[in-house]
Amino acid sequence: MLDYEAAVDWLDSHIDLERLLGGPEATPPTLDRMWTLMGVLGDPQDSVPAIHITGTNGKGSTARLSAALLGACGLAAGSYTSPHIDRVNDRIAVANEPLDDDAFTMAISEVAVFEPMVTERFGERPNYFEVMAAAAYNWFASAAHVNVIEVGMGGRWDATNVVDAAVAVITNVGADHLEIIGPTLADVAQEKAGIISAGATVVCGETTPELSDIVAAAATQAGAELWRRGVDWDVLDRRLAVGGQQVTVRTPFGEHAELFVPLHGAHQATNVATAISSVEAFFGRSLDDDVIAAALDDVSLPARFEIVARRPTVVIDGAHNPAGAVALRDTLAESLLVDADRADSPRVLVIGANRPHDPAAFCEALGLGSFDAVIATAAQWPRALPPAEIAAAVEAAWGADRETTGSRRPLEIINTGSVSEAVHAAREWAGSDGIAVVSGSLYVAAEARRLLGVDPH
């Protein structure tokens, strides 16, 4: 068997489409390699019932919340998510705890034994994501009672879509990766609806009629039951609370009133409602409120509006598209920026972005008027945009913002060569009473967490 370092090196020797998104190495979508790999492993994806989650935003949070709820019900939930925040082990977890190095090595080694059969048949190796998904399914077959599987991108052609999941979750449909799964939002909805299995229950969080109707049509074709947000389930009420919010949720089985959620933002209240609905769909019954409370009590979401330091306050958020920027903007406004005692405190944004994302669109959605300075940076990632390009996009977005609002407020724009330099500059700029926000890329967020010594999980 490989040791840990050799296992990671072997994994890294595969083509990684996350690093090359939309690049010349991209090939036409197919699940043929994945189906073959599953076959030679003994179809482990069929050994454990599953909840399969896709969506433009919120799917990672929903997956983690769902795993916590299942755990509070006494089930060991195996969860596969991507990308990782701290270490590659994070992608394969049981009860929201990543595999340790020995277990991860074994999981990868078991796939390595059978990979040559796939390579011989197709004349090419499975890619990085396919190997990871296969390792997760194979490990969970003996280590988990239920799987919570997050789609990497899209749905229909995603490597995770070899599972016949009892519950299919579509958190929302947004304008992300249109160059691959678009070009229209209708195309994106169709791709995401591709995870619906025959006879499943579909928990749909998308409320735009023309998009939710596409999901409804796919559910009907699959003989699946459809639960629509705003019709069958939703957040009924939410109020700010110390350390989070009080949330009342309705599902097809009834209400769960005044749940304390130790997370910030209306979008996280929606993710909680999505997760509760998904787990209730899995069991076919209502969850007890004390079970939900136990699940939420210790939940944490790394790099999702994570307040990691005080004096200055440092917030790390992995938002990377305009919809995520809007959620960050609104959460900042209700959680931090409305504090009268801090009205004049310095506010600085650290932003990095990856191709093909548009940093100008992100900044326009976020709104730069709340910040005194923006520090452009780049993560150590092949698709990272150069800081100078990000700074130019910030300048363009700031110009558009000033034209719209008539603001004459100055904004300092700073270039830095690394996330380390950017975070240091942001903390200096904010001083002891200010606020520094790190966002624009999950990879920037991950580097910032490591630099600040944040607990990985």
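Select Phe-104 first: leaving aside neighbours within four places in sequence, Phe-104 is in contact (heavy atoms within 4.5 Å) with Tyr-4, Val-8, Leu-11, Val-88, Asn-89, Ile-92, Leu-99 and Met-132. The model is predicted: local features need pLDDT of at least 70 and side-chain atom pairs count only at pLDDT 80 or more, while totals for chains, interfaces and linings use all residues. Residues are numbered from 1 along each chain as its sequence is written, and side-chain values use heavy atoms, with hydrogens and water left out.

**The cores**

Phe-104 is one of the residues with the most contacts inside the largest nonpolar core, along with Tyr-80, Ile-92, Met-132 and Phe-140. This core has 39 residues. A nonpolar core is a set of buried Ala, Val, Leu, Ile, Met, Phe, Trp, Tyr and Cys residues joined through side-chain atoms within 4.5 Å. Buried means under 20% relative accessible area, exposed over 50%, and partly exposed in between, with a 1.4 Å probe and protein chains only.

Next, colour the elements that each supply at least two residues of this core: helix H1 (4-12), helix H2 (32-40), strand S3 (92-94), helix H4 (101-122) and helix H5 (128-143). Helices (H or I, at least four residues) and strands (E, at least two) are DSSP runs, numbered from the N terminus. H5 gives the largest share of the core, eleven residues. Apart from this core lies another, of 35 residues; select Ala-68, Ala-77, Val-247 and Ile-292, which are among them. In soluble globular proteins, nonpolar side chains tend to be buried together.

Move to helix H9 (residues 266-283). Its 18 residues should span 26 Å at 1.5 Å a residue, and its end C-alpha atoms are 26 Å apart, which agrees. The expected span is 1.5 Å times one less than the number of residues. H9 is mostly covered, with 15 of its 18 residues buried. After H9 comes Gly-284, whose phi is positive, near 75°.

Within H9, pick Ser-277. Ser-277 is buried, at a relative accessible area of 0%. Which backbone atom does the side chain of Ser-277 reach? The side chain reaches the backbone oxygen of Ala-273, at 2.9 Å. Beyond neighbours within four places in sequence, Ser-277 is in contact with Val-203, Trp-227, Trp-233 and Thr-251.

**An aromatic pair**

From Ser-277, go to its contact Trp-227. Trp-227 is buried, at 6% relative accessible area. The structure holds five aromatic pairs, and one of them is formed by Trp-227 and Phe-253. Rings of Phe, Tyr and Trp (its six-membered ring) pair if their centres lie within 6.5 Å; planes under 30 degrees apart count as stacked, over 60 as edge-to-face and the rest as tilted. Trp-227 and Phe-253 are edge-to-face, 5.9 Å centre to centre with 75° between the planes. Trp-227 lies in strand S8 (residues 225-228) and Phe-253 in the loop between S10 and strand S11 (254-261), so the pair ties together parts 26 residues apart in sequence. Phe-253 is partly exposed, at 36% relative accessibility.

**Thr-248 and Glu-258**

Now select Thr-248, in strand S10 (residues 244-251). At 10% relative accessibility, Thr-248 counts as buried. A polar atom of its side chain lies 3.1 Å from the backbone nitrogen of Glu-258. Glu-258 is in strand S11 and has a positive phi of about 50°, although it is not a glycine.

**Two cis peptide bonds**

Most residues other than glycine have a negative phi, and most peptide bonds are trans. Between Gly-182 and Pro-183 the peptide bond is cis, with omega about 15°. Pro-183 sits in the loop between helix H6 (178-181) and helix H7 (185-192). Another cis bond joins Arg-311 and Pro-312, with omega about 0°. Pro-312 is in the loop between strand S12 (306-309) and strand S13 (313-316). Arg-311 has a positive phi of about 55° without being a glycine, and is exposed, at 59% relative accessible area.

**Helix H14**

End at helix H14 (residues 419-430). Val-419, Ala-422, Val-423, Ala-426 and Ala-430 are buried there. Exposed His-424 and Glu-428 are on the face turned away from the buried side. Strand S14 (347-351), strand S15 (373-376), strand S17 (435-439) and helix H15 (442-451) are included in what covers the buried residues.

Notes. A polar contact is a pair of N or O atoms within 3.5 Å; within protein, one must be able to donate a hydrogen and the other to accept it, and residues adjacent in sequence count only if both atoms are side-chain atoms.
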